[in-house]
Amino acid sequence: MTTMATATINTIIAPMLEYDFMRNAFAAAGVAAIVSGLVGYFLVLRGQTFAGHALGHIGFAGATGAVLIGVAPLWGLVGVTVAAGIGMGMLGERISGRDVAIGVVLALALGFGLLFLHYYTAFAAQATALLFGNVLAVDRAMIVTLIGLGVITLGSLAAIMRPLIFASLQPELAEAKGVPLRFVSTAFLAIVALAVSESAQIVGILLVFSLMVGPPATAQRLVTGMWRGMALSAGLALTEAWLGIAIAYSTDWPVSFCIATLSALGFFVSRGVSLAKANADGHFQGDTTDQDNDRSKSRRDLRWRSID
Amino acid sequence: MNVIELDRVTIQIGGRRVLVDVSLAIRRGEFIGVLGPNGAGKTTLMRGLLGLLPPSAGSIRVFGHAPQRGNPDIAYVPQIRTVLPDLRLRGLDFIATSMRGERWGMPSLARADRIMIDKTLTAVGARGLAERPLSEMSGGERQRLLLAQALLGEPRLLLLDEPLISLDQHYQETVVELVRRFARDRNITVLFSAHELNQLIGALDRVLYLGNGGAALGTVAEVVTAPVLSQLYGADINVVNVDGHIFVLSRGRDVERSDHLHDHDGNGHHQHDHRSHA
Ligand SMILES: Nc1ncnc2c1ncn2[C@@H]1O[C@H](COP(=O)(O)OP(=O)(O)OP(=O)(O)O)[C@@H](O)[C@H]1O
Ligand SMILES: [Mg+2]
């Protein structure tokens, strides 16, 4: 076992780490993955993944707009997503059609992103990097920035974690107990915005979900308990990000593709595992009608997913 | 001593007056059954007592003060319970998230808290739920968990908003009896809303009927009578007593039963369905 591990390190990992850009890629991806895995855990817990998705798209306009006026895209991304997150939080949780409103703003933001691109034609390569990530081009300064943002993000998350959990699980009771629901949800969306900005630097705006939703959704299916769920979510995100980079290095496929694939793989395997476990637990009553029900249920799930 | 005092209280929601000019007083240790059709204002009254809905006129006093959110003396089981189907969280951890859940910072669970949760779960006969994940509990089991959660931390006033929904007949009786005993032993005041008087009749001290913005509070003999309820509902109401079971009838229809069939949906989700009452 240990000889195999040493062999792996010697023949596969060590050569990768000879390169500066690979070391930077691992470091940046590691920071972003842990932040995304932890923040994403609460995003999935609260069923707000659509809001997370929208923040990424809205950020596209911020990033392209920033470039147009000569600011680094990361700061455009951070500024616009945090503002949008706060805006969404102010809309409140109960307003019906909130997702519709977010969807309209999302489309508008993408439209603006396109407009900014139109005026900055020399920008095509950078646009691809924004949309799909370019972790292999990360430099030292960016790593420092990512760590700084990460500390702020996780620090804020820690500060509101307790009421956030309470408000997510039992909003009606939390409100009665004096949790300021609107403030908590607004602060949380601002935190999500920061995490989206981080994760977009690695996998790009379009694939933010692969670090922010795949790992936590997988973790919530696999383990019982919050702390373990959070730890597993962060661990999975980290593993998928690093493994994705390693696979990309040896296959020459795009890094983001590898990470997205691993994330999806993890999710569907965990789904299979929990379904199999449920079937095994209840197999004594597993007559045909039950199985039919199961099948139609999973078909329904699939349909929902395709509507998403 | 009066735990709750309403003095000519009007509460509006979205411009609609749900309670109008209601005055009443509830004494310490009383078990009050709160009844009335859908949309009568049972939930609204409790939210008013919790400080979530300030009255537009009149004054509410709870323990002698204007209601304020986060009063640790008040325990509350809301009618709408959000259910997160995919979350694998043990019953014990779920309850723990509500303990001092309003404080900032990271969650933590002291040994003393754990022991207290354990004791309360045992008291409601739900000890077995501590280790089971929430996602695998039935609606009724979740309900028991929520009841246990409400009883934690020595409350002096219990506001239970339809805690009997999705419980079977046997467990309904168990819950009512349990709350009554728990409250009587500790001299806790209880407001217990339900859709059928008969569910509570053995436990309650007085009933509070709500309807058409008004309220009638008194013993069953005083309030559950044809004249009082007819006036409250503005309709011809008959009250029939069969073997100690009381049926409130409007033109021969059982008001309480036919009005609330939708509540027995059994899966823990409860949609607010505010049909106006004829
Ligand atoms: N968020 C809201 N916005 C507008 N109107 C509301 C809202 N919540 C309640 N109402 C209205 O207030 C009235 C009283 O509602 P409340 O929930 O207090 O009734 P209830 O007696 O608890 O009914 P139920 O038996 O259905 O629980 C209803 O007519 C309802 O339509
Ligand atoms: Mg109600």
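Reply: Contact means heavy atoms within 4.5 Å. By that rule, 34 residues from chain B and 31 residues from chain A take part in the contact between the chains. This is a predicted model, in which local features need pLDDT of at least 70, side-chain atom pairs count only at pLDDT 80 or more, and totals for chains, interfaces and linings use all residues. Residues are numbered from 1 along each chain as its sequence is written, chains are lettered from A and ligands numbered from 1 in the order in which they are written, and side-chain values use heavy atoms, with hydrogens and water left out.

Me: What is the area buried between chain B and chain A?

Reply: Buried area is the accessible area (1.4 Å probe) that two parts lose on being put together, summed over both. Here the area is about 3,000 Å², and carbon and sulfur atoms give 58% of it. On the chain B side, the residues that lose the most area to chain A are B:Arg88, B:Trp104 and B:Pro107, together 21% of what that side buries.

Me: How do I read a sheet, and what is the order of the six strands in chain B?

Reply: Strands of a sheet pair through backbone hydrogen bonds, either parallel or antiparallel. Helices (H or I, at least four residues) and strands (E, at least two) are DSSP runs, numbered from the N terminus. Two strands pair if DSSP finds at least two bridges between them. In chain B, six strands form an open sheet in the order S5-S6-S7-S3-S8-S9, with mixed pairing. Strand S5 (74–77) and strand S9 (214–218) of chain B each have a single partner strand, so one side of each is left without a neighbour in the sheet. Direction ignored, neighbouring strands of this sheet are turned by 15 degrees against each other on average. Within the sheet, strand S3 (residues 31–35) and strand S7 (residues 189–193) of chain B run parallel and are joined by four bridges. B:Gly33 stands opposite B:Phe192 in S7(B).

Me: Which helices lie on that sheet?

Reply: Angles run from 0 to 180 degrees between N-to-C directions, and axes are lines fitted to C-alpha atoms, for helices over the stretch in contact. Helix H5 (residues 169–186) of chain B lies across S3, strand S6 (157–161) and S7 of chain B, at about 160 degrees to S7(B). Helix H8 (residues 226–233) of chain B also packs on the sheet, where it touches strand S8 (206–211) and S9 of chain B, and its direction makes about 30 degrees with that of S8(B).

Me: What is the strand order in the sheet of three strands?

Reply: The order is S2-S1-S4 (chain B), in an open sheet with antiparallel pairing. Strand S2 (16–27) and strand S4 (57–62) of chain B stand at the edges with a single partner strand each, so one side of each is left without a neighbour in the sheet. From one strand to the next, the twist averages 20 degrees. S1(B) and S4(B) pair over five bridges in the antiparallel sense, and B:Ile4 stands opposite B:Val62 in S4(B). Helix H1 (residues 42–49) of chain B packs on this sheet, touching S1, S2 and S4 of chain B, and its direction makes about 115 degrees with that of S1(B).

Me: How are two packed helices described?

Reply: The description uses the angle between their axes and the distance between the axes. Helix H2 (residues 91–98) and helix H3 (residues 111–123) of chain B pack at an angle of about 115 degrees, with their axes 11 Å apart. From H2(B), B:Leu92, B:Ile95 and B:Ala96 meet B:Arg114, B:Ile117, B:Asp118 and B:Leu121 in H3(B).

Me: Where does B:Glu162 lie, and what is its phi?

Reply: B:Glu162 lies in the loop between S6 and H5 of chain B. Its phi is near 50 degrees, a positive value in a residue other than glycine. B:Glu162 is buried, with a relative accessible area of 4%.

Definitions and conventions: Buried means under 20% relative accessible area, exposed over 50%, partly exposed in between (1.4 Å probe, protein chains only).
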